[in-house]
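Dear colleague,

My notes on it follow directly after.

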Amino acid sequence: MSNVMNDLCRDSHPGMKERQLAIGQVLIEALPYIRQFEGKTFVIKYGGAAMIDDVLKNAFAQNVTLLRKVGINVVVVHGGGNAITNTADSMGLHTTFVHGKRVTDRKMIDVVQMTLAGKVNQDIVRLISGHGAKAVGVSGLDARTIQAEPCTEAAHLGLVGEVASVNTEYLDLLCQAKLIPVIAPIGFDNEGNIYNINADDAASGIAIALKAEKLIYVSDVEGVHCGDRILKSVCKSEAADLIEQGIISGGMIPKSLSAYRTLDAGVGKVHLIDGRFVHSLLLEIFTNAGVGTQFVSEKESQ
Ligand SMILES: Nc1ncnc2c1ncn2[C@@H]1O[C@H](COP(=O)(O)OP(=O)(O)OP(=O)(O)O)[C@@H](O)[C@H]1O
Ligand SMILES: [Mg+2]
């Protein structure tokens with residue numbers, strides 16, 4: 001038991017009975033969700049600050065482990081924006097983004113491959129495995145997990161790809177063995193060209209292919225904001241307006257667009273949550289507390 005739980009359950013603690021009851025209630029409130037989600041697949045896109053801060057990294061790894069342990073098939077797709085930029089800087093390579101996607105030439109794809117599929121991926125695997133789940137690092141190149149094709153903006157972006165197909169058999173096999181695939185978003189095409197794939201696009205393609213129950217983006221914002229308001233939900237036409245007005249910009253553009261692609265393809269729930277808030281993942285999944293922003297189809301928002 002954690003120190004907090006120990007303290008709360010100690011007999012001499014003032015208000016002990018009430019607090020014990022509250023803890024019991026919180027735990028039991030998760031039961032319907034655990035029953036509902038057992039055996040279902042959740043794709044979790046891991047990015048932003050939750051990948052940098054040690055406390056948050058650890059909490060994310062714990063959360064993911066708990067999800068796996070209650071029978072949810074967890075598939076993690078990670079970004080690594082900062083790490084790639086830092087490695088590129090140290091090699092004297094300049095980084096440019098267009099509409100939130102990294103311009104990727106031949107030198108940059110080497111940096112992306114070694115940073116994402118190497119250091120970043122394996123650090124996440126180590127952390128999750130340290131909490132008792134068994135995570136497996138999967139480069140999108142492994143077993144052709146992600147077959148890629150040039151993205152529509154490739155003329156400006158270079159070696160930036162989209163998901164053409166996903167090796168779902170391989171990912172299903174890992175999930176059936178109760179392992180947690182941790183996927184680095186790169187892929188190759190029929191000619192053997194390797195592509196950098198925006199991690200949100202990769203997570204979307206994988207969620208669609210696996211017919212996931214939910215896609216959750218863990219990022220470094222409270223949700224989609226419009227001025228100083230955090231939107232509880234945002235539909236496709238609202239998002240298009242916000243992009244047009246420049247209110248949704250940078251990395252939030254590919255995130256929003258991939259969210260609607262995912263919904264259109266039949267994945268029921270797509271959420272953006274704040275990875276800077278410890279345990280936001282558990283709150284989103286196991287409680288009714290509305291954390292972050294839910295991307296919804298036009299019809300649902302009316
Ligand atoms: N309207 C908006 N609401 C919220 N965030 C926004 C908005 N417009 C732009 N952003 C930016 O989008 C960023 C999130 O996208 P970003 O690509 O930087 O992170 P990520 O996708 O979580 O991580 P990674 O790209 O490393 O996988 C936020 O940090 C914020 O600066
Ligand atoms: Mg991003």
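**Findings**

Glu149 is located in strand β6 (residues 146-150); helices (H or I, at least four residues) and strands (E, at least two) are DSSP runs, numbered from the N terminus. This is a predicted model, in which local features need pLDDT of at least 70 and side-chain atom pairs count only at pLDDT 80 or more, while totals for chains, interfaces and linings use all residues. Residues are numbered from 1 along each chain as its sequence is written, chains are lettered from A and ligands numbered from 1 in the order in which they are written, and side-chain values use heavy atoms, with hydrogens and water left out.

With a relative accessible area of 37%, Glu149 is partly exposed; buried means under 20% relative accessible area, exposed over 50%, and partly exposed in between (1.4 Å probe, protein chains only). Not counting residues up to four places away in sequence, Glu149 touches Gly161, Glu162 and Ala164, where contact means heavy atoms within 4.5 Å.

**The annotated domain**

UniProt, in an unreviewed entry, lists residues 40-274 as "domain: Aspartate/glutamate/uridylate kinase". UniProt positions are given in the numbering used here, feature names are shortened, and annotations may be inferred rather than shown by experiment. Over residues 40-274 the chain is 41% helix and 27% strand, with the end C-alpha atoms 23 Å apart.

**Thr104 and Arg106**

Thr104 sits in the loop between β4 (101-102) and α6 (106-130). Its relative accessible area is 1%, so Thr104 is buried. What does the side chain of Thr104 meet at 3.1 Å? The side chain of Asn196 is the partner, in a polar contact, that is, a pair of N or O atoms within 3.5 Å; within protein, one must be able to donate a hydrogen and the other to accept it, and residues adjacent in sequence count only if both atoms are side-chain atoms. A polar atom of the Thr104 side chain also lies 3.0 Å from the backbone oxygen of Arg102. Leaving aside neighbours within four places in sequence, Thr104 is in contact with Ile109, Leu157, Gly158, Leu159, Val160 and Asn196.

Arg106 belongs to helix α6. Arg106 counts as exposed, because its relative accessibility is 58%. With residues up to four places away in sequence set aside, Arg106 touches Leu159 and Asn193. The C-alpha atoms of Arg106 and Asn193 are separated by 10.0 Å, and the two residues are 87 residues apart along the chain.

Lys45 lies in strand β1 (residues 41-46) and is buried, at a relative accessible area of 6%. Its side chain makes a polar contact of 2.7 Å with the side chain of Asp200. Beyond four places in sequence, the residues that Lys45 touches include Val77, His78, Ala203, Tyr217 and Lys255.

Helix α9 (residues 199-209) packs with helix α11 (residues 252-264) at an angle of about 10°, their axes being 9 Å apart. Axes are lines fitted to C-alpha atoms, for helices over the stretch in contact, and angles run from 0 to 180 degrees between N-to-C directions. The angle therefore makes α9 roughly parallel to α11; angles under 35 degrees count as roughly parallel, over 145 as roughly antiparallel, 65 to 115 as roughly perpendicular and the rest as oblique. On α9 the contact is made by Asp200, Asp201, Ser204, Ala207 and Ile208, and on α11 by Pro254, Lys255, Ser258, Arg261 and Thr262. By class, this contact has three nonpolar, three polar and four charged residues; Ala, Val, Leu, Ile, Met, Phe, Trp, Tyr, Cys and Pro count as nonpolar, Asp, Glu, Lys and Arg as charged, and the others, Gly among them, as polar.

**Positive phi values**

Most residues other than glycine have a negative phi. Lys211, in the loop between α9 and β11 (214-219), has a positive phi near 50°. Lys211 is exposed, with a relative accessible area of 72%. His279 is not a glycine either, and its phi is positive at about 70°. His279 is found in the loop between β15 (269-274) and α12 (280-286) and is partly exposed, at 35% relative accessibility.
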